[in-house]
Amino acid sequence: MNDAVETVVRVRGLRTQFGTHVVHDGLDLDLNRGEILGVVGGSGTGKSVLLRAIVGLDAVRAGTIDVLGNRIGTLSGPDRRALEQRWGVMFQDGALFSSLTVRENVEVPLRAVPGLTDAQRRGLAELKIGMAGLPWKANDDMPADLSGGMRKRAGLARALALDPEILFLDEPTAGLDPIGAAAFDRLIVTLRDALNLSVFLVTHDLDTLHACCDRVAVLAERRVLTTGTMAQMLDVDHPWVHEYFHGPRARAVTAKD
Amino acid sequence: MDDDRFPVRWPGSGPDGYGKGDQHDCRPATFRRRVRVMRPTQHLGVEAGDDRVILSGDLVVWTLHRLNAKDDARIDLSALVRLDTAGAWELARRRAAGADLTGLSARHADLLAAVTAALPRAEAPKPAVPTWRRVLQATGRLVTGAGLYLLQLAEYLGRMLAALARTIRHPTRFPLTALVHHAQETGLRAVPIVAVMSFLIGVVLAFQGSEQLRQFGAEVFVVDLIAISILRELGILLTAIVVAGRTASALTASIGSMKMRQEIDAMRTLGLDPDRVLILPRILALVVMLPILGLISAVAGLLGGAVMSWVELGISPAVFLARLADISVTHAVVGLGKAPIFALIIGVIGCHAGMQVGKDAESLGRMTSSAVVSAIFAVIIADAAFSIFFAQVGL
C-alpha cells in the first residue's frame with residue numbers, strides 16, 4: 001500500500017469552443033482516486049461541457065484528457081468500450097431510455113457482462129435501484145411515470161450498474177427537495193466509501209458541497225480558477241468565489257455546521 | 001493508494017496490466033489482444049477444500065458466473081482481493097440461504113453489510129387474475145376506449161366550434177395571422193403533390209378505362225368515366241388522404257411538442273385559450289383549404305385524363321371538353337361538398353392526438369402515427385357513408 005495519490009482523471013490545457021464561443025481555454029484539472037470533487041461555477045461557465053468533454057461526448061480543440069491512463073479521443077472502439085465500463089455517468093435528468101422500465105434501464109449495462117443469468121441480472125438491477133433509494137414498486141415503472149428526483153435516482157442506479165471506478169454526476173441534487181437532496185448527498189458519500197468511487201460532481205448546491213465534497217474546483221474565466229477544500233475556498237480572494245462562498249446562502253450553510 | 005485491495009489491472013493502466021508495452025505477457029497474440037480490448041483481467045479462483053469453498057482473487061460482476069451454481073455450506077473469503085456490489089450481493093444471497101462466510105476482511109464486511117442493508121424487500125406479487133377475466137377486461141377496456149375516443153373527438157369538435165363562436169362575437173381576437181400561416185402550410189404547400197398525384201390518377205384512369213371501353217367501341221365514354229370518378233370520388237378522397245398524412249401528423253407533432261414542454265399549461269395560466277389560439281386556426285385553415293385543394297386536384301385529374309385520352313384514343317381536347325360539358329355539375333358539387341367534412345375530421349383527429357401527448361417523447365411519436373392512421377381511416381369511412389347518403393337522396 002502506498003500513500004501516493006493516484007490521479008484517475010487528468011485534464012491539461014483543455015480548450016473547447018462552439019463556433020467562435022470559447023468555453024474553456026487552458027483548463028487543468030485532476031480527479032484523484034477515492035475523492036469526491038465538486039465542480040462549481042456560474043451559469044454558462046461550462047461545467048457540463050467539461051463533463052461531456054471528459055467522457056468524450058464533445059470534441060476538444062486543444063489539450064489532453066486522460067482517464068484511468070487512457071487518452072480520450074485516441075482510443076480504438078473496443079478500448080473505448082472497455083473504458084466506458086469503468087465509469088458511470090448520471091445525466092441531469094437521468095437520461096433514462098423512455099421505452100424501457102426502470103429495471104430494464106439498469107439492466108442495459110449489465111447485458112454486456114458475459115455469463116450473467118437473467119435472475120442475477122434482475123437481482124443486481126433491483127439491488128442498484130434499491131441502493132439508489134427507490135422503492136420496490138419503481139422497478140416496473142416507465143421513466144415517464146417517475147418524478148424528477150426518482151428519475152435522477154434511477155439514472156444513478158444505471159450509472160452504478162457495473163460498479164464503476166469513476167462516477168460522473170451532473171447536478172445530482174438540482175430540483176430535489178431539501179430532504180431528498182440531503183439523502184442523495186449521504187447516498188453519494190456512502191457509495192464512495194463502500195465502493196471506493198472517485199466522484200466528479202457538477203453542482204450548484206452549496207449543501208452538497210459541504211456534505212460530500214473532499215475538494216472543490218471553481219470554474220471561472222474559462223479555466224479552473226482554484227481548487228481546494230471548502231475551508232480553503234473561504235479564503236480565496238476572487239470576487240466571484242468570494243461572493244459564492246460568502247453569500248447569504250453560503251452563510252446559512254456554514255452556520256449549520 | 002490502496003493498490004492491494006483495489007488492484008488496477010486494467011489494460012494499459014499499470015505495471016501488472018496486460019497493456020501497452022507489456023513485455024512479460026507471453027500468451028498467444030490473439031488471446032492477448034482479446035483480453036486487451038475486452039475487460040480487465042480479473043480472476044476468481046474457486047477451490048474446493050475439505051469442508052469449504054475457498055475463493056481467491058476478484059469476486060466482481062465480471063467473474064460472478066465462475067461461482068458454483070449450487071449453494072456451498074461454507075465459503076472462505078480470506079484470499080479474496082477485490083469485491084464489488086455484485087459479488088457482495090451474491091454472498092449476501094448465499095448467506096441468507098444458509099451459507100457460512102468466513103475470513104471476510106473488514107472492508108469487505110462493510111461492503112457486505114451495506115449491500116445487505118440495501119437489499120430490496122420484494123413485495124408480494126398481486127394474486128393472478130384468471131384468464132377469462134383478463135380477456136373480458138381487455139375487451140371491455142378496448143370497447144370503452146373506443147367509445148371514449150369518439151366522445152373525446154366530439155368534445156374537441158365542440159370546443160373548436162365554441163371557440164369559433166366566441167371569436168365571431170369578438171372578431172378582434174380572431175387569430176388571423178395564425179390562420180393564414182396554417183392555410184399556407186396545409187394548403188399552398190400541398191398543391192404540388194396533390195396536383196401531380198391527381199394528374200397521374202387521371203392518366204391511369206384514361207389508360208385503363210380506354211382498354212376496357214375499346215372492346216365495346218365506346219372509347220368516347222372514357223370522358224364520362226374520368227369526369228365522374230375524379231369529380232365525385234377520387235379527386236377529393238385522395239386529396240383528403242394525402243392531407244391526412246401530411247397535416248394530421250404535423251398538427252399532432254406541433255401541438256404535442258407544445259404539450260410535452262408544458263407550453264399549453266403556460267398558455268392557460270396566461271389567460272390564453274388553447275382552443276382559440278391553437279386548435280381553431282389549424283382546423284379552420286384545413287376547412288378553408290381542403291375544398292380548394294380538392295378543386296385543384298379535380299382540374300389536374302381531368303387534365304391528366306384529357307392528355308391520355310388524346311394520346312391513347314385520339315380524343316381531341318375539343319371533343320373532351322364537349323363531352324365534359326354534358327356531365328352534370330352535381331358530381332363536382334357532391335365531390336367538393338365532402339371536403340369541409342373531411343377537413344373537420346382530419347383537423348379534429350390531429351388536434352386531439354396532439355393534446356393526448358404525455359410527458360415523454362415516445363408518446364409524441366406514438367400519437368403522431370396513430371393520428372395519421374385514424375385520420376385516413378376516418379376519411380374513408382366518412383366517404384363510404386357519404387356514398388350511401390347520396391345514393392339514398394338520389395344525387
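Analyst: In strand E8 (residues 198-202) of chain A, 5 of the 5 residues are buried, so the strand is largely enclosed by the rest of the structure. Buried means under 20% relative accessible area (1.4 Å probe, protein chains only); strands are DSSP runs of E with at least two residues, helices runs of H or I with at least four, numbered from the N terminus. This is a predicted model, where local features need pLDDT of at least 70 and side-chain atom pairs 80 or more, while totals for chains, interfaces and linings use all residues. Residues count from 1 along each chain as written, chains are lettered from A and ligands numbered from 1 in written order, and side-chain values use heavy atoms, without hydrogens and water.

User: Which residues point which way from E8(A)?

Analyst: Ser198(A), Phe200(A) and Val202(A) go one way, Val199(A) and Leu201(A) the other.

User: And which strand does E8(A) join through 5 bridges?

Analyst: E7 (residues 166-170) of chain A, running parallel; pairing takes at least two DSSP bridges. Phe168(A) sits opposite Phe200(A). E3 (residues 36-41) of chain A is also parallel to E8(A), with 4 bridges, and there Gly38(A) faces Leu201(A).

User: New topic: at what angle do H4(A) and H2(B) pack?

Analyst: Helix H4 (residues 118-131) of chain A and helix H2 (residues 85-96) of chain B pack at about 105°, axes 10 Å apart. That makes H4(A) roughly perpendicular to H2(B), a label covering 65 to 115 degrees.

Methods
Buried < 20%, exposed > 50% of the residue type's maximum accessible area, 1.4 Å probe, protein only. Axes fitted to C-alpha atoms, helices over the stretch in contact; angles between N-to-C directions. Parallel < 35°, antiparallel > 145°, perpendicular 65-115°, else oblique.
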